[in-house]
Amino acid sequence: MSMIEEVEALRNIPLFSSLDDSRLKLLSFTSEWVVYQPGDNLCIEGEKGEEAFVIMEGDVDIYVNTKSGPLLVTTHGAGEIVGETAIVCDVPRTATVMAATELVVLKITKDVFMQLIEGCPEVAVAVIRELAMRVNDGVRMALRDAE
Amino acid sequence: METSIFKYILRYSRKEQVLILIATVLSMPLVYYSLEIPKLIINQAIGGDGIPASILGFDVTQISYLLILCCAFLALTMINGGVKYHLNVYRGVLSERMLRRLRYDLYSRVLRFPIPHFKRISQSEVVPIITAETEPLGGFISDAFALPAFQGGLLVTYLAFIFNQDVFLGIAATAMYPLQMYVIPKLQKKVNELSRKRVLTVRSLASRIGEAFAGNTEIRSLDTSKYERAEITGRLGSLFEIRKEIYKRKYFIKFLNNFLNQITPFFFYLVGGYFVIKGQLSLGALIAVLAAYKDLAGPWKELLKYYQMKEDIRVKYAQIISQFHPNGILDAPLLDSDASGRQTLQGALSSNGLSYAEDNGVKHVDGISFEIPVTRHVAIVGPTGGGKEDLARLMARLIDPTRGQLKLNGVNVAGLSVAQVSRYISYAGPGAYLFTGSVLDNIFYGLKNHPRPADTAIDDANAERVRLESRRTGNSAFDVDACWIDYKTAGVEDSGELEAKAIELLSVVDLDRDIYELGLRSKLALNPNAALEDRLLQARHRLSDELSRGDLNHLVELYDYSRYNTNAPVAENLLFGVPRDSATTVQDLINHPYVQSTLAKDGLLDELILAGRNAAETMVDIFSDLPPGHEFFNRFSFISSDDLPHYKLMLGRIEVDGIESISDEERQQLLSVALMLVPAQHRLGIVDDAIQQRLVEARHRLAEGMPAELTALITLFNSDVYSGESSVQDNILFGKLAYGQARAEIRIGELIRSVIDQLGIYRDIMRLGLSYDVGIGGAAIPVDQRQKIALARALLKETDLLIVNDAISVLDTDTELKIIAGVQQLRRNRGLIWVLAQDHPAAGFEQVLTLEKGKISKRSNGSD
């Protein structure tokens, strides 16, 4: 994929839809496009995290460790971002992310991500919305489990 | 050591001093005659007065007499010169021998210093004492006895002559001597004092400069260089004042001497004249006495000069020696003797009321009693400074208890020699000092206790001479080049087993991975090894097979002469090689006229410049919004933030006036941007398939007619040739890791390891890693690896007891626990004492002692 195609692909992702061309180029150029095989781990729960992943093609499964072993929590697909909690909140990885299919992701390092949020309020708002949704999901799930 | 330099000289060079004295006395007639003959030549041969009629029965004329005397003069001059030459060489050699002995003695004493003493002395003070301060002593040693004897002899002779002529004249000639002999030492004493002060000031200056070296980071980061310079200025100032005072006094002594010497003729004229007038002395006798007195001045002056030098040297020697007599210096026999016929240690390490206090009286270890069976695994824990560190050092006999005794199987450790202790006990401390040399040299360092007997006797005239010379100066009788590594100390039979054991230990101290990686990164250019290179080429081919077999070709893009490598920069693709060494840059190679003309031929050069322009435009587009100096420039951009405005202008000019409007220099700048492009990584779409094809064609054209001077600068990629200038890993890989493949590096690393194992060259790779140079004091490798090497060094020795004193403190907890478990496993049934951090779990130890404020606060059985 060349940069022009990459920029097109990034533009279609809601999170980045508000970015102008040169910012999309910066994001694409400073981030790594990585191919994962099914079963490869993108990150492992409890480890230190330095990057977030934007899924360009394929699906990932999200697992959390429980007493009875890893539990599949959810699945994310193309256009979604995973792994941002660790770099935004500076905490260890909260879940394990595994490639469910052959996967192409954009690996964004912490400093590039922060640079993007600082320079672009729209992205920051989008990230906040995403995080809030996840917290909401988590609370609902916890309440449901408690019933 | 001898308290005065004269005792030292007499003890070690009595015979030589006598010889010099005899030779000096015997040469005196020669000197006398070489002065006498010219007088004969002028008065008799030339003046024609008193020519003997015949010599040895031959008739002589005036001409032949002149000829004889001149020849005799020539012969005497030569003999005289020869004698002087040999005497000087002999004296020089003697001086140098004594200096060698003195330095060796001083250095040996340093090795016997009690360990705590090293905290109190400054290395930069002691080093110049041994190297520089001893230097003037050498020059004095050969003159120490001969000079005063010779000059004194002359003086006495002249004086005898004068007294023989007339007692009163004799008294007149020596009238000033008592005064001089009284006053001058008084003045000299003050000079001695000053020169003593000067030596001390110079030493503290050296020590302060040494501190600036050690504290360089602090001085820079805290901006205290002005303060430091003021500090040095103060010391240089006081040095100057002392020197000025010394000069004043020294030259005053000289002035006084000269004056008093001139007073004497005054007495001669007065007293002698009186006697001549009275008729009690002949005029001739007075003239003779005056002549004798003139001769007297020479030796007298020399003697006074000697006296001043002697005083200076005496002071210097005393000051040197004073630094080498610390309290508690180790007895020489304890250091020198060898441990022979070692038996396995039995019983227990025990103590009764063991105490250790430093000079300030604070007790670090306070009346501790214990009995530890020598095969037990014991952990010593407690707060830092609670005494555990010093207890471990006491147990290793590195420091001596102030009270109480430490006993090994009932024997007081204080009476054991260093060799015996080190055969029983190995010790690894927190310092982890490494010596200059390779990793392997350092791991083997503890085996070098004594040269192997078979290797000490090399029958070679030169070696014999060197040995003899070191023996006669009391130096070490051992040859440093002999084979020092004792396999038995490590419990093995030969070098192969030793290497195997060392490599095995690397995994115990968790260093195997690091050394393996050092091995993979090493270059064979300096130590070519054809057999290994051959195997590594096999590894290269095997890896390529494995890649296709395992369907892993997408992880690596191998170099292929007929294909473009999208994971390599344009420049590497074009040259199909890399610069041979760091002195040449890619730019230098591309700028070579041959490359430029070849590229220009079919317009590829212009295309590349255009590609450079496109890339530069993208860079300007992407990075313009970032503030200047943002770290992304360094990490991602081809163009630095400083150059960005310039490129902006250039690109604007091209936009308006076309590409022809830019200068040659700017063309080169754009070209260099294009040369850095890596299509797979940068994904700019600039180096497209068409250009890639053209670049491969250009590669072939370049290769065909490449001039030798250019080939010499490039390491070409050739699948059948090993490149010594590239790392072992690059040689095996022979390609580039593919961009954007998850875990490619790890998976390829594993694959390389499996290929290395298949070919059985793991040990060769480890050997390469082990030959890595650790730098001065181990500075070239990180501190955690240094600690691991030091631990491996202690583990390599087969001893009954291993004491590990906080020796792997910089490692993370997981690694530390892993190493402790490994060492415990390795030392099953053999003693192990480990000093650990305060709240360490101390798992796997049979006994845990807790030390607080110098006392054992808790004894518990281990947590097995």
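In the predicted model, a polar atom of the side chain of B:Ser727 lies 3.1 Å from the backbone nitrogen of B:Asp730. B:Ser727 is placed in the loop that runs between strand S11 (714-716) and helix H31 (728-733) of chain B. With a relative accessible area of 11%, B:Ser727 is buried, because the value falls under 20%. Beyond its neighbours within four places in sequence, B:Ser727 is in contact with B:Leu520, B:Arg521, B:Ser522, B:Lys523 and B:Tyr722.

The interface between the two chains was examined next. Here 22 residues of chain A are in contact with 23 residues of chain B. About 1,900 Å² of area is buried between chain B and chain A, and carbon and sulfur atoms give 57% of this area. Of the area that chain B buries against chain A, 31% is supplied by B:Ile622, B:Phe632 and B:Arg683, more than by any other three residues.

Between chain B and chain A the count is 3 salt bridges. The side chain of B:Arg683 meets that of A:Glu6 in a salt bridge, with an N to O distance of 2.5 Å. On the side of chain B that touches chain A, two or more residues are given by helix H24 (604-623) and by helix H25 (631-636) of chain B. H24(B) gives the most to this side, with 5 residues. By residue class, the side of chain B that touches chain A comprises 9 nonpolar, 7 polar and 7 charged residues.

Terms used
Residues are numbered from 1 along each chain as its sequence is written. Chains are lettered from A and ligands numbered from 1 in the order in which they are written. This is a predicted model: local features need pLDDT of at least 70, side-chain atom pairs count only at pLDDT 80 or more; totals for chains, interfaces and linings use all residues. Side-chain values use heavy atoms; hydrogens and water are left out. Contact means heavy atoms within 4.5 Å. Buried area is the accessible area (1.4 Å probe) that two parts lose on being put together, summed over both. A salt bridge is a side-chain nitrogen of Lys or Arg within 4 Å of a carboxyl oxygen of Asp or Glu. Helices (H or I, at least four residues) and strands (E, at least two) are DSSP runs, numbered from the N terminus. Ala, Val, Leu, Ile, Met, Phe, Trp, Tyr, Cys and Pro count as nonpolar, Asp, Glu, Lys and Arg as charged, and the others, Gly among them, as polar. Buried means under 20% relative accessible area, exposed over 50%, partly exposed in between (1.4 Å probe, protein chains only). A polar contact is a pair of N or O atoms within 3.5 Å; within protein, one must be able to donate a hydrogen and the other to accept it, and residues adjacent in sequence count only if both atoms are side-chain atoms.
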